[in-house]
Amino acid sequence: MAFGSSKASRAGLPAIRFGLTPVFLNNDIQLLDALKLYLEAATGHSVDLVTRRTYQEVTSLLVSGQLDAAWICGYPYIQYRDDLELVAIPAWNGKPYYQSYLIVAADRDAETVLDLRGDIHAFSDPDSNSGFLVTRTLMFEHGLDPETFFRKTLFTYGHRNVIRAVASSLAQSGSVDGYVWEVMLELEPALVSQTRVLRRSKWLGFPPIATSRKMAGTEKALALQEALVDMGSSPQGRKVLDLLRLTGFEMPQEKAFEGIAGMVARLRGVL
């Protein structure tokens with residue numbers, strides 16, 4: 001994409017409101033500034049980055065059309081599939097998939113989820129796939145109820161916070177996004193090395209960028225999609241990808257979310 005000509009042709013168009021859920025880099029000012037700068041150059045629109053504390057808040061804004069698009073999680077995407085449409089999927093290590101990790105303290109003597117009985121367990125968010133749904137499904141398959149199996153459960157509203165809770169012994173175990181754990185291991189090794197991965201889930205669709213059905217196909221949604229998919233073709237875009245530790249963004253792939261849809265179906269009537 002030729003950013004200069006694109007920007008000139010779209011001058012004066014309204015701002016793109018782009019929502020971000022509380023993932024581990026949302027409070028990184030350098031990243032937010034780089035992302036805003038890139039998207040404005042690539043789309044020709046001004047861009048408002050909208051952050052909220054919970055997945056539910058961002059999803060509600062998206063479904064109601066108050067956001068043009070948002071970076072959400074695969075779980076709320078499946079929950080609101082009739083109201084949403086995919087824009088793009090991030091690729092990590094060249095694939096649009098990631099895993100959920102069950103983590104414990106690095107020196108913890110535990111081998112399976114059954115060894116976590118009586119723990120204080122940290123979840124990320126009730127609408128998080130990796131930070132809640134995967135572990136809840138695993139427990140359902142073992143005939144376990146987290147309300148009685150664990151001594152206590154808590155929501156930290158951030159994957160970074162799950163890692164901190166386990167590392168500091170505020171919680172004895174936690175459910176966390178594997179991408180976040182791996183990247184934080186690189187960025188904050190002193191913290192993350194105080195934890196270890198007890199279990200990795202199967203590969204599941206990476207948290208996608210979505211828009212509402214009413215916004216799908218609009219000029220702003222298409223401009224954002226083009227900018228995301230082309231992110232690796234400019235120095236500013238590559239800077240954003242490097243900060244995110246992502247390979248790039250790909251066009252929508254519904255099949256990537258079949259595993260999450262299967263878990264939601266199995267837990268229907270349970271959650």
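**Note on the predicted model**

1. The largest pocket holds about 170 Å³ of space. The model is predicted, with local features requiring pLDDT of at least 70 and side-chain atom pairs pLDDT 80 or more, while totals for chains, interfaces and linings use all residues. Residues are numbered from 1 along each chain as its sequence is written, and side-chain values use heavy atoms, without hydrogens and water.

2. The lining of the largest pocket includes Tyr75, Ile78, Leu133, Val264 and Arg268, lining residues being those with an atom within 4 Å of a point. Helix 4 (74-79) and helix 12 (258-266) each contribute at least two residues to this lining; helices (H or I, at least four residues) and strands (E, at least two) are DSSP runs numbered from the N terminus. Eight lining residues are nonpolar, two polar and two charged, where Ala, Val, Leu, Ile, Met, Phe, Trp, Tyr, Cys and Pro count as nonpolar, Asp, Glu, Lys and Arg as charged, and the others, Gly among them, as polar.

3. Ile260 belongs to helix 12. Ile260 counts as buried because its relative accessibility is 0% (buried: under 20% relative accessible area, 1.4 Å probe, protein chains only). Its contacts, leaving out residues up to four places away in sequence, are Gly74, Tyr75, Ile78, Asn129, Leu133, Leu204 and Gly205; contact means heavy atoms within 4.5 Å. Ile260 and Ile78 are 182 residues apart along the chain, with 7.3 Å between their C-alpha atoms.

4. An open, mixed sheet of six strands has the order 2-1-3-12-4-13, two strands being paired if DSSP finds at least two bridges between them. Strand 2 (47-51) and strand 13 (248-250) are the edge strands, each pairing on one side only. From one strand to the next, the twist averages 25°. Strand 1 (residues 16-20) runs parallel to strand 2, joined by five bridges, and Arg17 has Asp48 of strand 2 as its bridge partner.

5. Helix 3 (residues 55-63) packs on this six-stranded sheet and makes about 45° with the direction of strand 12 (209-212); axes are lines fitted to C-alpha atoms, for helices over the stretch in contact, and angles run from 0 to 180 degrees between N-to-C directions. Thr59 lies in helix 3 and counts as buried because its relative accessibility is 4%. Beyond its neighbours within four places in sequence, Thr59 touches Ile72, Pro76 and Tyr80.

6. A second open sheet, also of mixed pairing, comprises five strands in the order 8-7-9-6-10. Strand 8 (152-155) and strand 10 (195-200) each have a single partner strand, so one side of each lacks a neighbour in the sheet. Strand 7 (residues 120-123) pairs with strand 8 in the parallel sense over four bridges; Ala122 has Leu154 of strand 8 as its bridge partner. Helix 7 (residues 159-167) packs on the sheet, its direction making about 155° with that of strand 9 (173-177). Helix 8 (residues 178-187) also packs there, at about 95° to strand 9.

7. Helix 10 (residues 219-229) has buried residues including Ala223, Leu224 and Leu228. Among the elements covering its buried residues are strand 1, helix 2 (29-43) and strand 12.

Definitions and conventions. On a 1 Å grid over the protein atoms alone, a cavity is a set of points where a 1.4 Å probe fits but cannot get out, and a pocket is an open set with protein on both sides within 12 Å along at least five of seven lines; lining residues have an atom within 4 Å of a point. Grid points are joined across faces, edges and corners, and a volume is the space filled by probe spheres set on the points. Buried means under 20% relative accessible area, exposed over 50%, partly exposed in between (1.4 Å probe, protein chains only).
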